[in-house]
Amino acid sequence: MAGSNTSDAFVVFDRVQKSYDGETLVVKDLNLSMPKGEFLTMLGPSGSGKTTCLMMLAGFETATHGEILLDGRPINNIPPHKRGIGMVFQNYALFPHMTIAENLSFPLEVRGMDKSVREEKIKRALDMVQMGQFGNRRPAQLSGGQQQRVALARALVFEPELVLMDEPLGALDKQLREHMQFEITRLAHDLGITVVYVTHDQTEALTMSDRVAVFNDGVIQQLAPPAELYEAPKNSFVAQFIGENNTLEGVVTEISNDKCVVKLDDGELIDARPVNVTKVGERTRVSIRPERVEMNKARLQPGAHTLKATVCEFIYMGDIFRTRLSVAGNDDFIIKTRNAPDAVRLQPGTEIEIGWLPQDCRALDA
Amino acid sequence: MSDTILRTADGKPLKAALQRASAVARRRAFWLVLPLLAFVVITFVVPIGQMLSRSVTNDAFSANMPQLVAWFEANPEGTEPDEAAFAALAADLTNAAAERTIGSVATRINYDVSGTRSLFTSAGRKAKKLEAPFKESVVAMDPKWGEPIVWAAMRNASAKLTTSFYQAAMDRKLSAKGVFEKAPGDLQVYLKLFGRTLALSAVVTFLCLLLGYPVAHLLASLPMSKSSLLMILVLLPFWTSLLVRTTSWMVLLQEQGILNNTLVGLGIISDENRFALMYNQAGTIIAMTHILLPFMILPLYSVMKTIPVSYTRAARSLGATSWTTFRRIYVPQTVPGIGAGGILVFILAVGYYITPALVGGATGTLISNQIAFHMQDSLNWSLAAALAAMLLGAVLALYWVYDRLVGIDNMKLG
Ligand SMILES: Nc1ncnc2c1ncn2[C@@H]1O[C@H](COP(=O)(O)OP(=O)(O)OP(=O)(O)O)[C@@H](O)[C@H]1O
Ligand SMILES: [Mg+2]
């Protein structure tokens, strides 16, 4: 999936930069290449430049520098209506003065299709999103989720090869959102379309995508499949941004190829896997996922490092327990334990010992 | 049945309880709007009602000629005026002359049959000397008294309610048979003027839309700092006196004005072929379009500002050219603004007075100038009222048509 070979790439961003005001770069040196059929998600905090990238691809903004290629052709000079890119907007942008069927008919009419062909395609597209019986309604007469489906159907009805979606599920409640996540991935897969999806919801990104591009400050911090992103974050921004994460700060005292020793700020020495630290004496943030921390000594593997910890807070969450600990001067160290029959419910103030495997503990940039 | 009525906890019907609860709030709200209500009633409803009633009632004749009125009531239409009628006429004329009301009686009849004013005033002077048989002596005084049209006019004027001012406003004249008939072509004034008023207003409205639409769009899409500057430019005319603006157009466009002088100076037109842009319809159209333009721009702007850019973007991404996007996506969404601006400008234009009076010349004046003439110069207030009422009716009819076609709640004024 993660083929970044430019020859078979469908969408390519080549050293793209964008500035709105000539003073700050909103997108800095973006390089990205997507094969046909990929579902790629741009994930990042607000203002990180995701929408800007999408708008450049759709043709509503021009790149200040660099080139964007679609199917091998540079698109900088192709006007938006000739790019043949389907787009789903955050507020759906269904035309309020047209019925649902007319909304879907619009892209077909401007392509000069016959009435019978149009009707056939509209029916198929509406059925695809289970909105077949709503063709005569106006957008204002539909619920948010229904409007969302129609927007999706409208973006797909003219059979584009590339579809862009800018936070399409942002306005929906949790259940509907999860349902639509599933629907969108299913449709994208069934139709074999290439999708660029923008969100700032990390679960959405992880569950839907083939690859996720994590944006921060106009730069792609990491571009990887979801599992890799979660389990092997390349820097501390990605580690912090994706999922829950514990960090301990310290200095590298020893370093070899796949192992390093970090002296934490309270003097404790721990083993970790070096990711983007290179030399002794460098400051580092050590990152450990909460579910990789073990407090049951019996279950710790030999060689696992142990540390003393004080329980600060115990939170019952049903399926799991979330316990906040004070570890090596960090009062915000979270561990998660499964609500198993033998699980202990820790009282605040209890002193315990925790441990983890050195390979789960990643030394990242400070 | 009583089981289905919702009741409060202590058993009172819910609706009554609700009404009582909100009555206090409503009463307080009423006191707040009372000053405005009083203001509107005193300055608007009452004078307009007065004015409108004047268009159908004019008692200048009926109040001052009681005996003749009584005779008209006793004898149906078509009765030849007999001796009793002439006796009543003579008595009334004597009375009216004594009470010095003969002038208004004369004026009233003169409205319907022009050239009869002196007939009444001179008869008033001689009436005291009239003796029986009155028929002969009155007709001997002036043979016109025997003419059926004079009697038809007097019968018509003796009624409590009269349509003669509306008939006059529609260019219909009283005939000898006592009915109103269409006046000959060269005497038709008002209908032509109504037609011209509506046509010119439509042209002005259309020009305002043509000029205002792009400006409003620019206002709505420019960044804040630039759009506020443009907005000031749009509003600037509002802060300048109407007279100043109109007279500036006169300075600019008259035959010896700046524009013509420049064109002649540059040799583009010869001295004999100066453009006649003032004191005619062109002048009225130019000046009124300029003055009414903000009333088109502002409603359009307020509608356009609420249209998110994502609609046009969506249309473009769906494959529409910018022209198709404009025509099929953008314009339909600005219809409420077009409607509001159009109605506003049209209604203002239909009643416009000062500008056409100053720059309209002979061909560019509107019905309101004629109304003003009857109010101030000819003092035929009833005719002015009838013309004004017809104008009001036309505007209301337009409003009704608009409501049927577009819907009033689709209109957005700001
Ligand atoms: N039209 C514009 N003119 C000037 N600056 C802009 C414009 N659009 C966006 N920006 C700026 O560019 C930066 C990136 O904006 P962008 O909309 O791409 O962020 P985003 O990642 O989509 O954020 P969000 O998740 O909040 O939608 C922001 O700092 C924003 O202020
Ligand atoms: Mg965005």
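Buried residues are those with under 20% relative accessible area, exposed ones have over 50%, and partly exposed ones fall in between (1.4 Å probe, protein chains only). The structure is a predicted model, in which local features need pLDDT of at least 70 and side-chain atom pairs count only at pLDDT 80 or more, while totals for chains, interfaces and linings use all residues. Residues are numbered from 1 along each chain as its sequence is written, chains are lettered from A and ligands numbered from 1 in the order in which they are written, and side-chain values use heavy atoms, without hydrogens and water.

**Figure 1. Helix H1 of chain A is mostly covered.** Helices are DSSP runs (H or I, at least four residues), numbered from the N terminus. Helix H1 spans residues 50–58 of chain A, and eight of its nine residues are buried. The buried residues are A:Lys50, A:Thr52, A:Cys53, A:Leu54, A:Met55, A:Met56, A:Leu57 and A:Ala58. After H1(A) comes A:Gly59, which has a positive phi, near 100°.

Figure 2. A polar backbone atom of A:Gly47 is 2.8 Å from an oxygen atom of ligand 1, and a polar backbone atom of A:Ser48 is 3.2 Å from an oxygen atom of the ligand. From the side chain of A:Glu167, a polar atom lies 3.3 Å from an oxygen atom of ligand 1. Of the 630 Å² of accessible area that ligand 1 has on its own, the protein covers 57%; such areas come from the Shrake-Rupley method with a 1.4 Å probe.

**Figure 3. Charged ends sit over tyrosine rings in chain A.** A charge sits over a ring if NZ of Lys or CZ of Arg is within 6 Å of the ring centre and within 35 degrees of the ring normal. The charged end of A:Lys18 is 5.0 Å from the centre of the ring of A:Tyr20. For A:Arg289 over the ring of A:Tyr230, the distance to the centre is 4.1 Å.

**Figure 4. B:Phe86 and B:Trp151 form an edge-to-face aromatic pair.** Rings of Phe, Tyr and Trp (its six-membered ring) pair if their centres lie within 6.5 Å; planes under 30 degrees apart count as stacked, over 60 as edge-to-face and the rest as tilted. Over all chains, the structure holds 18 aromatic pairs. In the pair of B:Phe86 and B:Trp151, the centres are 4.9 Å apart and the planes lie at 65°. B:Phe86 belongs to helix H3 (residues 83–98) of chain B and B:Trp151 to helix H7 (residues 148–158) of chain B, so the pair ties together parts that are 65 residues apart in sequence. Both B:Phe86 and B:Trp151 are buried. Ring pairs join B:Trp71, B:Phe72, B:Phe86 and B:Trp151 in a cluster.

**Figure 5. B:Phe238 and B:Phe295 also pair edge-to-face.** Their ring centres are 5.2 Å apart and their planes are at 75°. B:Phe238 lies in the loop between helix H10 (224–235) and helix H11 (242–253) of chain B, and B:Phe295 in helix H13 (residues 281–304) of chain B, so the pair ties together parts that are 57 residues apart in sequence. B:Phe238 is partly exposed at 33% relative accessibility, and B:Phe295 is partly exposed at 26%.

Notes. Helices (H or I, at least four residues) and strands (E, at least two) are DSSP runs, numbered from the N terminus. A polar contact is a pair of N or O atoms within 3.5 Å; within protein, one must be able to donate a hydrogen and the other to accept it, and residues adjacent in sequence count only if both atoms are side-chain atoms.
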